[in-house]
Amino acid sequence: MPLIPKSHPRAKSLLIREKLVNGFDNGLVAKEGLLAQGRGEAFDYLLGEKTGKAAKQAIKAAAAQLLLAEIPVISVNGNIAALCPKQIVRLSKQIKAKLEVNLFYTNKKRQQAIIRTLKKNGAREVLGTSLTSSTKLSGIDSARRIVDKNGIFAADVVVVPLEDGDRTLALRKAGKTVITFDLNPLSRTSQTANITIVDNVTRAIDLLIDESKKLSKKNRKTLQKIVNNFDNKKNLTENVIQIKNNLTRRARIA
Ligand code: ATP
Ligand code: MG
């Protein structure tokens, strides 16, 4: 494994890349997953590589929504398994959500590698591979339409980190409340989800775990008020403004 010196000005970003590359070498990440990371990185740069105010509000709304859920499910893909397997398992335990492996570029070997990684990191059960309990979401062509009857299909709230726009729309059409992490506030996923956390999943996931812990002491009425007061369109606009302000500042310095 190549060593990245801590003093390197882009050490954090390089370490994330290294996780993805290792994930690719270990059969977790698809080639396309590496490209998706690249698109995300570009937006992270524009956002200033930090969790902004708008993202913090979205995290709070997401935590409240997850605590209110009857059947919350977290959809896991290769990038998530490579970037933050421990945290995704921790989140699932904190909010009592099921984990389901769901891949855009489906592949049995990769599915198994992801399940192994999640189990190594403490997951008890991971859905998404049982042929007898698989069913299809309508309105979507890719392999990702296949979901577990007891998982995403039955869920009222689904967390889909780093999702594709088509599937987000299919989940919405199926009546699910969709929470996503997406660094690009302009993506179809960001625009279609109910709650979009515009932040790097590697930063935001710990904050979501902490917020869920904090809000778990609140009653349902308080949680519902937090969800009702959240406006995803407005939040996305605030993220675009954050990018604009960053660019304006940089343009002045240059
Ligand atoms: P859409 O289909 O929603 O319009 P897209 O086609 O631009 O999006 P996809 O490849 O389908 O992009 O999805 C990947 C998304 O995940 C991108 O929007 C990218 O910004 C985001 N992304 C990649 N890496 C991360 C990360 N580490 N944290 C948060 N978001 C990320
Ligand atoms: Mg896409």
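On a 1 Å grid over the protein atoms alone, a pocket is an open set of points with protein on both sides within 12 Å along at least five of seven lines. A molecule sits in such a pocket if more than half of its atoms lie within 2 Å of the pocket's grid points. In this predicted model, the space taken by ligand 1 is the largest pocket.

Two notes on reading what follows: residues are numbered from 1 along each chain as its sequence is written, while chains are lettered from A and ligands numbered from 1 in the order in which they are written. Because the model is predicted, local features need pLDDT of at least 70, side-chain atom pairs count only at pLDDT 80 or more, totals for chains, interfaces and linings use all residues, and side-chain values use heavy atoms, with hydrogens and water left out.

**Around ligand 1**

- There are 18 residues around ligand 1, and Asp 164, Gly 165, Asp 182, Arg 188 and Thr 189 come nearest; a residue is near a molecule if one of its heavy atoms lies within 4 Å of it.
- Sorted by class, this shell holds five nonpolar, seven polar and six charged residues. Here Ala, Val, Leu, Ile, Met, Phe, Trp, Tyr, Cys and Pro count as nonpolar, Asp, Glu, Lys and Arg as charged, and the others, Gly among them, as polar.
- Helices α2 (31-47) and α8 (188-192) each supply at least two residues of the shell, and the largest share, four residues, comes from α2. Helices (H or I, at least four residues) and strands (E, at least two) are DSSP runs, numbered from the N terminus.

**Polar contacts with the ligand**

- A polar contact is a pair of N or O atoms within 3.5 Å.
- On the side-chain side, a polar atom of Asp 182 lies 2.8 Å from an oxygen atom of ligand 1, and a polar side-chain atom of Arg 39 lies 3.1 Å from an oxygen atom of ligand 1.
- The backbone takes part too: a polar backbone atom of Val 201 is 3.0 Å from a nitrogen atom of ligand 1.
- Taken alone, ligand 1 exposes 620 Å², and the protein buries 88% of that. Accessible areas come from the Shrake-Rupley method with a 1.4 Å probe.

**Buried or exposed?**

- For residues, buried means under 20% relative accessible area, exposed over 50%, and partly exposed in between (1.4 Å probe, protein chains only).
- Leu 118 sits in helix α6 (residues 108-120), and Leu 118 counts as buried because its relative accessible area is 0%.
- Val 21, in helix α1, has 43% relative accessibility, so Val 21 counts as partly exposed.
- Asn 26 lies in the loop between α1 (11-25) and α2; at 57% relative accessibility, Asn 26 is therefore exposed. From C-alpha to C-alpha, Asn 26 and Asp 164 are 23 Å apart in space, and 138 residues apart in sequence.

**Two residues with positive phi**

- Most residues other than glycine have a negative phi.
- Glu 49 is not a glycine, yet has a positive phi of about 50°. Glu 49 belongs to the loop between α2 and α3 (53-68) and is partly exposed, at 29% relative accessible area.
- Lys 96, also not a glycine, has a positive phi of about 55°. Lys 96 is found in the loop between α5 (85-94) and β2 (98-101) and is exposed, with a relative accessible area of 71%.

Notes:
A polar contact is a pair of N or O atoms within 3.5 Å; within protein, one must be able to donate a hydrogen and the other to accept it, and residues adjacent in sequence count only if both atoms are side-chain atoms. On a 1 Å grid over the protein atoms alone, a cavity is a set of points where a 1.4 Å probe fits but cannot get out, and a pocket is an open set with protein on both sides within 12 Å along at least five of seven lines; lining residues have an atom within 4 Å of a point.
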